[in-house]
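Subject: Structure for your review

Dear colleague,

Please find the structure below, together with the sequence.

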Amino acid sequence: MNLIDKINKLTQGDFISIFGNVFEKTNWVAEKTYALKPFNSFEELHSKMLDIFENSTKEKHLKILNSHPDLAVEKVLTLDSKKEQSNARLDQCSEQEFKEFKKLNEKYKKKKMDFNLLLLSKEKI
């Protein structure tokens with residue numbers, strides 16, 4: 001049995017457990033995607049998840065962006081966020097670098113941006 005067949009056979013609970021954090025702490029994208037099963041390929045699954053996100057409201061986009069933790073200084077992280085920050089080596093910052101990240105996070109928030117300071121990476125997690 002190939003991967004997409006295994007995904008198509010998942011219960012809704014298992015599907016949401018696996019894919020609910022693709023968009024930071026956002027089960028609703030996974031719930032809507034589950035209703036679109038079966039998928040012919042992983043690319044189709046990926047495309048449908050992106051379509052759901054892209055066609056949602058600005059408020060929902062901002063909620064997802066604001067679900068991300070502050071860079072380098074957040075103490076409680078999801079497993080995915082911990083991997084992302086570790087891959088970016090934010091867990092290896094010196095004391096001065098941690099202070100600088102804290103300052104950058106605070107400065108960014110004071111600019112009245114609608115979402116948290118994020119670090120994007122092309123590296124595979």
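Thr26 is found in the loop between α2 and α3; helices here are DSSP runs of H or I with at least four residues, strands are runs of E with at least two, and both are numbered from the N terminus. Leaving aside neighbours within four places in sequence, Thr26 is in contact with Gly20 and Ile64, contact meaning heavy atoms within 4.5 Å.

Please note that this is a predicted model, in which local features need pLDDT of at least 70 and side-chain atom pairs count only at pLDDT 80 or more, whereas totals for chains, interfaces and linings use all residues. Residues are numbered from 1 along each chain as its sequence is written, and side-chain values use heavy atoms, with hydrogens and water left out.

Overall fold

The secondary structure comes to seven helices and zero strands, in the order α-α-α-α-α-α-α along the sequence. Of the 125 residues of the chain, 29% count as buried. Among contacts with a separation of 6 or more, 56% are accounted for by residues 24 or more positions apart.

Not counting residues up to four places away in sequence, Ile64 touches Phe23, Glu24, Thr26, Trp28 and Phe53. Ile64 and Phe53 are eleven residues apart in sequence, and their C-alpha atoms are 9.6 Å apart in space. With the same exclusion of residues up to four places away, Phe23 touches Val29, Met49, Leu50, Phe53 and Ile64.

The nonpolar core

Phe23 is also among the residues with the most contacts inside the largest nonpolar core, which has 15 residues; the others in that group are Ile7, Phe15, Phe19, Phe39, Leu45 and Met49. Such a core is a set of buried Ala, Val, Leu, Ile, Met, Phe, Trp, Tyr and Cys residues joined through side-chain atoms within 4.5 Å. The elements giving two or more residues to this core are α1 (3-8), α2 (12-19), α3 (27-34) and α4 (42-54). The most comes from α4, with four residues.

Helix packing

α3 and α4 pack at an angle of about 125°, with their axes 9 Å apart; axes are lines fitted to C-alpha atoms, for helices over the stretch in contact, and angles run from 0 to 180 degrees between N-to-C directions. α3 and α4 are therefore oblique to each other, since angles under 35 degrees count as roughly parallel, over 145 as roughly antiparallel, 65 to 115 as roughly perpendicular and the rest as oblique. Their contact is made by Trp28, Val29, Ala30, Lys32 and Thr33 of α3 and Leu45, Met49 and Ile52 of α4.

The axes of α2 and α3 come within 9 Å and cross at roughly 135°, so these two helices are oblique as well. Here Gln12, Phe15, Ile16 and Phe19 in α2 meet Asn27, Ala30, Glu31, Thr33 and Tyr34 in α3.

A cis peptide bond

Finally, the peptide bond from Lys37 to Pro38 is cis, with omega near 0°. Pro38 lies in the loop between α3 and α4.

With kind regards

Terms used. Buried means under 20% relative accessible area, exposed over 50%, partly exposed in between (1.4 Å probe, protein chains only).
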